[in-house]
Each structure stands twice: as C-alpha cells, then as structure tokens.
Amino acid sequence: MDSFLRWWRGGSRGERRTINTTPLPQRYELYHRKRRNEGVSLIAACCIAFNLVMGSGFLALPAAVARCGLILSPITMGVVCLVMLTSLAWEAEAMARAEALEARALRGQSSSPSLLSRVRRPSLSDRTFEVCELCRIFCGKKLEMAYAGTFLLYYLATLWAYAFVFAEALSTFSPLFGHEACKHDVACVTYRKCTFIFGILAVPLSILEPGEQISFQMVMSVMRVVIVVLMASTALLSAYGVDFGPGFGPGAATSTAPFVRFAGLGRLLPATVFAQNMGGQVPLVAREMRDRDDLNKALCAGLAGSFVLYSILAVSVAYSFGSIAKAANCQWDAFGVGIPYSVLLDGIRWLVVLFPAVDVFSVYPLNVSIAADTLVTLFAGDRADRAQRQVGYRRAMRACVALPPIIGAGCMANLTAMIDTAGILVFLICCGFPPLLSVLGQRKCRAAFGDGRLDTTRYTPDGGRTWPKYA
C-alpha cells in the first residue's frame with residue numbers, strides 16, 4: 001500500500017510533479033487564501049452537523065432505553081454526548097496546532113501581509129486538515145495508515161448499512177411494492193430493486209459538494225424534528241388513552257420499562273455511541289463554513305440538538321411500549337389501521353415507517369464526502385491542499401466511494417454484521433485517535449516553539465477561548 005501511494009503521489013502526470021517544486025508560501029496564496037463570501041452560514045453548518053449525527057441509529061435507541069431504564073438512559077446519553085463533544089474539540093484543537101506549525105514554516109519565507117497576519121493570529125479560516133493528514137504531521141505515515149484503514153473500514157460498514165436500511169424500509173412498507181413480507185436477502189427481488197433505486201438516487205447526490213445540497217440538508221433537519229415530535233407525541237397520547245387503532249399499543253399501563261437498570265448498559269452504550277458518533281467529521285463541517293471561528297458553535301449545536309431529540313424519542317417510546325424487539329418505526333406499522341376516514345393517521349403512518357429510507361438517503365451523501373476527502377488526502381500526501389481544491393477530482397473520488405457499499409448491500413443483506421463492525425471501530429475513531437492527536441500535537445508544538453504557549457487553543461475542551469500569542 002505504501003509503494004502504491006508513493007507511485008500515485010509522484011506519478012507521471014506533470015501537474016503532480018509541478019506541485020513538488022512549488023514553494024509553500026505560493027501554495028498557500030493559491031489554495032488557502034480566504035475567499036470572500038465563500039462557504040455556508042452558521043445555521044446551515046449547524047444543520048449539516050445535526051444531520052451527520054441524526055442517522056438511522058436513533059431507531060434502535062428506544063429498545064435499548066427500555067432495558068437500561070428511563071432515568072439512567074438519558075444520563076448515560078448525556079455523558080456520551082459530552083465525551084463526543086470533547087473528542088470533536090480535540091480534533092479541532094489538533095487542526096489549530098497544525099495550522100500554527102504551518103504558519104511557523106511560512107514565517108521568513110514571504111512578506112505577504114496575509115501570511116504575516118496568519119503567523120501572528122492563526123485560525124481555521126484559511127486551512128482545514130483531514131484527520132489522517134494530522135496523523136502524518138504529528139506522528140508519521142504509520143499512524144496515518146492505521147487511522148485511514150480504521151476510518152475507511154468504518155465508513156464502508158456504515159454506508160453498507162445505510163443502503164440496507166433504505167432497501168429494507170422501502171421493500172417492507174412502501175405501497176409501491178405491496179405490503180408483503182420480504183426476506184431482505186439477495187433472493188428477494190423486491191429488495192434488490194430497492195437497492196438499485198437507492199443507487200440511482202444516492203450516487204448523483206453524493207457527487208455534489210455539501211454546500212451545493214445545503215437546501216436539501218436544511219429541509220431534512222426540519223423533517224427529522226417533525227418525525228421525532230410525531231413519534232413521541234403519538235406514543236404518549238396512545239399511552240394515555242387516545243385510540244389510534246387496535247394494533248397500536250399496548251400503552252403505559254402495561255409498560256415494563258424500569259427506571260434504573262445497570263445490566264442494560266451493555267446494550268445502551270454501543271447503540272448510543274453509534275447513534276451520536278461524529279468522529280472524523282470536523283473537517284467537513286469546517287470546510288463548508290464561511291466563518292470557521294464559529295466551528296465549536298456548529299458542533300455543539302449539532303450534538304446538543306441530537307441529544308435532546310434522542311432523549312425525547314427514546315424515553316417516550318420506551319415508556320409507552322415497554323420492551324420492543326424491532327426498530328422503533330416498526331411500531332407505527334399498525335398506526336391508524338381500523339379507524340375509518342383516517343387519512344391524516346395514514347399519512348403519519350407512512351411518514352414514520354418510511355422515514356428510515358428518507359433519513360439514510362439524506363445522510364449518505366455527507367458520509368460519502370467524508371470518506372472521499374480522506375481518500376483524496378491519503379492519495380495526495382503533502383499535496384492534499386491542492387487536491388482538495390480540484391472539484392472534478394473530488395467528485396470522481398466520491399463516485400468511487402458511493403458505489404461499492406450499494407453493490408455490497410445488494411449482494412449481502414446482513415445488517416447485524418455491518419453494525420457490529422462499525423460499533424467496534426467507532427470506539428477507536430472517537431475515543432482513541434483524537435486524544436492521541438491532542439497529546440502528540442501539544443508535544444510537537446512545545447518542541448517547535450520551545451514553551452507551552454500552544455497548550456491551549458480556542459477549541460481546547462478545558463475552556464480555552466483565545467489564541468496565545470506565540471509569534
């Protein structure tokens with residue numbers, strides 16, 4: 001793999017050779033100057049961060065909450081949310097330190113005012129770093145390859161699971177195919193048709209830049225809130241006597257969900273970590289923002305919003321139905337059935353049971369962009385700054401990333417294997433690499449600057465707000 005990367009990074013194409021001889025200050029002026037009015041607003045960035053967190057993982061939370069307890073579960077979810085926020089802060093902090101090291105290398109090589117101001121007050125307004133690039137800067141190629149392998153395997157499993165969820169939801173509940181049971185394997189013709197439909201819809205959207213699909217992502221943020229409110233409110237209303245059909249229940253009177261049950265933590269923790277995972281996604285949010293000084297606000301808003309909605313949905317459904325064996329949306333399969341003239345109830349039923357298909361359709365392109373950007377950085381090496389500016393190259397890489405998981409889901413329909421694989425790797429991505437990068441980055445900056453003036457940045461989890469003066 002290392003020899004292949006060396007060939008790719010120094011191949012025969014002239015444009016790849018030219019960049020090797022381009023001095024770093026000129027490369028910065030070409031690729032890192034802050035473009036005026038470039039990027040999305042803070043609200044749009046919050047929507048992107050929120051959608052990255054709110055994947056289909058929330059459908060498994062009510063069953064886990066029913067086993068862990070109605071009080072212990074939200075507390076555990078809050079702790080996981082804080083751990084995730086700290087992990088994201090470590091990633092942003094490592095990016096800031098890499099920016100400072102680059103600024104130090106630039107000092108003395110150019111008299112450009114933009115470069116000199118960047119040395120005096122570094123920020124993420126000009127440059128973003130992929131996590132695998134940070135691994136190479138702070139530790140070397142071995143850590144870069146270890147992270148890239150772990151990260152790409154995780155995203156392959158996650159994207160594979162998204163394709164399966166879409167095909168399963170559409171083949172089971174969609175009125176287009178009839179309300180018939182489907183085996184959800186390669187022998188099921190309906191399932192394979194739905195996988196093909198997902199490929200037709202998701203791949204073209206995945207090729208677009210995240211900023212080009214911002215209107216769609218903002219609509220999906222609103223839709224996620226609406227779906228969660230509908231599910232929570234109808235579940236609680238049913239629990240307290242409102243008739244939504246004989247098959248919708250059984251209600252809080254027969255709920256068996258405990259308040260505290262520590263034995264259920266083994267089921268809740270993996271589901272919560274997978275549902276609230278945002279590891280490795282900081283560069284995407286930072287790259288799309290117009291004002292990257294507000295990066296911490298966007299990340300905090302995305303995680304906090306998902307935590308509130310997760311808690312409301314999981315607790316209300318677990319309280320209303322008790323222990324459930326299926327995904328939460330399957331409980332609404334009988335919603336409104338048997339009630340005459342229930343057009344509104346039928347609309348709610350189809351909206352809820354088909355929501356996983358719509359949900360993964362919106363989050364799939366964002367995850368493809370993250371995996372593709374990692375590959376671009378891995379193949380480009382120290383020319384990643386230039387490669388990230390080549391839109392055609394990035395679009396081609398996204399197409400290469402988007403297709404294999406869909407083909408795999410059509411050939412092997414095993415959601416459990418995908419979730420188990422992703423669940424193991426997510427602990428390394430969120431709880432292993434970010435603190436390691438923080439420590440290595442701090443050590444490298446101490447060696448470069450001779451003191452601890454970069455021990456604290458505006459993104460430091462302990463509350464650092466201002467850049468230290470170190471120039």
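The following questions and answers examine how features of this predicted model are assigned.

Q: Why are the buried residues of helix H15 said to line one face of the helix?
A: The buried residues of H15 (residues 343-353) are Leu345, Ile348, Arg349, Val352 and Val353. Viewed down the axis of H15, these residues fall within an arc of 115°, so they line one face. An α-helix has 3.6 residues a turn, so residues three or four places apart point the same way. The face turned away from the buried side carries the exposed residues Val343 and Leu344.

Q: What covers the buried residues of H15?
A: The cover includes helix H9 (141-173), helix H11 (214-239) and helix H16 (355-380).

Q: What makes the contact between Arg349 and Trp350 a charge over a ring?
A: The charged end of Arg349 sits over the ring of Trp350, 5.0 Å from its centre, and the cut-off for that distance is 6 Å.

Q: Why is Cys430 called buried?
A: Buried means under 20% relative accessible area, and Cys430 has 2%, so Cys430 is buried. Cys81, at 10%, also counts as buried.

Q: Why is the aromatic pair of Tyr147 and Phe433 called edge-to-face?
A: The planes of Tyr147 and Phe433 stand at 85°, with 4.9 Å centre to centre; planes over 60 degrees apart count as edge-to-face. Tyr147 lies in helix H9 and Phe433 in helix H20 (residues 433-449), so the pair ties together parts 286 residues apart in sequence. Tyr147, at 2% relative accessibility, counts as buried, and Phe433 is buried at 11%.

Q: Why is the pair of Tyr240 and Tyr319 called tilted?
A: The angle between the planes is 35° and the centres are 6.2 Å apart; stacked needs an angle under 30 degrees and edge-to-face one over 60, so the pair is tilted. Tyr240 counts as exposed at 60% relative accessibility, whereas Tyr319 is partly exposed at 28%.

Q: What makes Arg287 and Glu130 a salt bridge?
A: The closest N and O atoms of Arg287 and Glu130 are 2.6 Å apart, and the cut-off is 4 Å. Arg287 lies in helix H13 (residues 282-288) and Glu130 in the loop between helix H7 (113-120) and helix H8 (131-138), so the pair ties together parts 157 residues apart in sequence. Arg287 counts as buried at 13% relative accessibility, and Glu130 is buried at 3%.

Q: How do you know that Arg394 and Arg398 each form a salt bridge with Glu209?
A: The closest N and O atoms are 3.6 Å apart for Arg394 and Glu209, and the N to O distance is 3.2 Å for Arg398 and Glu209; the limit is 4 Å. Arg398 lies in helix H18 and Glu209 in the loop between H10 and H11, so that pair ties together parts 189 residues apart in sequence. Arg398 is buried, with a relative accessible area of 0%. Salt bridges that share partners join Glu130, Glu209, Arg287, Asp373, Arg394 and Arg398 into one network.

Notes:
Residues are numbered from 1 along each chain as its sequence is written. This is a predicted model: local features need pLDDT of at least 70, side-chain atom pairs count only at pLDDT 80 or more; totals for chains, interfaces and linings use all residues. Side-chain values use heavy atoms; hydrogens and water are left out. Buried means under 20% relative accessible area, exposed over 50%, partly exposed in between (1.4 Å probe, protein chains only). Helices (H or I, at least four residues) and strands (E, at least two) are DSSP runs, numbered from the N terminus. The arc is that of the directions from the helix axis to the C-beta atoms. Contact means heavy atoms within 4.5 Å. Rings of Phe, Tyr and Trp (its six-membered ring) pair if their centres lie within 6.5 Å; planes under 30 degrees apart count as stacked, over 60 as edge-to-face and the rest as tilted. A charge sits over a ring if NZ of Lys or CZ of Arg is within 6 Å of the ring centre and within 35 degrees of the ring normal. A salt bridge is a side-chain nitrogen of Lys or Arg within 4 Å of a carboxyl oxygen of Asp or Glu.
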